[in-house]
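The sequence and structure follow.

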Amino acid sequence: MIATSYPLLLIILPGLSDLRGNVFGAMASRMTTALHLGKIRGILDKEVTTNMSMAIGSSKIPLIILWATGAIKLGFSHSAFIVLLVMIASAIVIGLLLGYSTAFITIFPYRWGADPDMIAAPLIALVADVITIPTLVYLIFFYEGHSVAFYAFTALMVVFFVSLIALSDYKREHVRAFKEVSGVLTVLALIEIFSGSTLESYSDIISKAIILSVMYPSLLDSVGNFASIAAATTSTRLNLSGKSALKNREFYFDVSALLLLTPIIGFLTNYIAVRVTNLIGYQAALIWPFILGYPLLVVINMAIGVFIAYISHRFNIDPDNVAIPTATTISDVMGTIFIVLLAKMMVGA
């Protein structure tokens with residue numbers, strides 16, 4: 001019913017999941033730096049509330065761009081208006097869930113002596129993927145069954161968001177972060193549209209290699225996770241110690257140690273996809289160009305994550321605000337191109 005009644009939702013859904021992972025991945029990066037500087041002591045600190053309200057608010061512009069792009073493609077209609085309301089309500093609901101999840105995932109590992117930069121962004125992206133679709137589907141069914149209550153709930157969420165802003169303590173650094181995050185997310189939303197269009201253009205070729213369709217989501221997630229870890233680690237070190245931090249051997253050891261996982265993850269991604277493809281009735285085998293090319297793809301995207309953090313810091317832009325979203329979006333584009341090239345090679349197109 002959702003596919004036929006709300007086709008716009010299906011078009012923008014991948015962008016919504018990526019957007020929320022990017023927004024709160026950046027929040028995790030900022031909070032990690034704040035923890036090192038002693039600005040945050042607990043989940044209920046006003047600094048957490050401020051960062052959470054800022055994260056929710058900074059996603060509004062790219063959300064509207066994603067919606068408008070889809071609406072222009074399919075036409076403005078009543079269902080498109082409902083999708084807009086669903087996006088607004090879900091942005092606040094999911095924002096609260098992801099906001100406190102981000103605080104938990106950064107604060108407690110830090111207290112236990114772990115480095116939040118190594119775990120926060122990938123976990124937040126995972127949580128965003130898990131809760132985004134069910135929340136949107138639930139709100140659609142909520143509207144279908146209780147339209148008046150849905151309108152009231154959406155209005156209540158808007159009021160709640162305004163109250164959250166009132167409880168926040170915005171300072172100059174937060175205003176700057178809001179401008180930087182909302183600006184980069186707007187640009188990245190356009191890049192996501194390009195990535196989706198590229199995938200759609202080659203969907204026929206990819207569909208002929210079923211195993212690539214199976215591997216595609218996990219490929220993007222894993223490569224994006226590596227890139228976000230590199231970006232977050234670099235951002236924190238730059239904010240704490242400046243450019244001299246990148247001359248530290250420990251930094252390169254930490255980043256390089258992650259690369260030891262890439263052959264294993266690449267092989268397992270392909271192997272599990274083979275089993276799944278065979279299970280659904282299609283023949284599949286290991287794709288050695290994928291297994292050999294996956295580590296190189298990760299290395300390139302991790303280097304991009306480090307480079308983006310360095311360049312943004314050099315030009316007086318806080319890397320905590322832009323490095324993770326930019327690195328993960330670029331990794332999505334490069335992962336899509338990688339899959340398209342493999343598909344063309346496998347089907348001889």
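How much space lies in the second largest pocket?

## Pocket

About 380 Å³ of space lies in the second largest pocket of this predicted model. A pocket is an open set of points on a 1 Å grid over the protein atoms alone, where a 1.4 Å probe fits, with protein on both sides within 12 Å along at least five of seven lines; lining residues have an atom within 4 Å of a point. The volume is the space filled by probe spheres set on the points.

Lys39, Glu173, Asn239, Asp318 and Asp320 are the closest to the pocket centre among its 20 lining residues. The lining comprises 8 charged, 7 polar and 5 nonpolar residues. H8 gives the largest share, 5 residues, while H2, H3, H8 and helix H14 (319-347) each supply at least two; helices are DSSP runs (H or I, at least four residues).

Beyond its neighbours within four places in sequence, Ile40 is in contact (heavy atoms within 4.5 Å) with Met31, Ala34, Leu35, Asp45, Glu47, Val48 and Ile107.

## Basis

Residues are numbered from 1 along each chain as its sequence is written. In this predicted model, local features need pLDDT of at least 70, side-chain atom pairs count only at pLDDT 80 or more, and totals for chains, interfaces and linings use all residues, while side-chain values use heavy atoms, with hydrogens and water left out.

Note on methods. Ala, Val, Leu, Ile, Met, Phe, Trp, Tyr, Cys and Pro count as nonpolar, Asp, Glu, Lys and Arg as charged, and the others, Gly among them, as polar.
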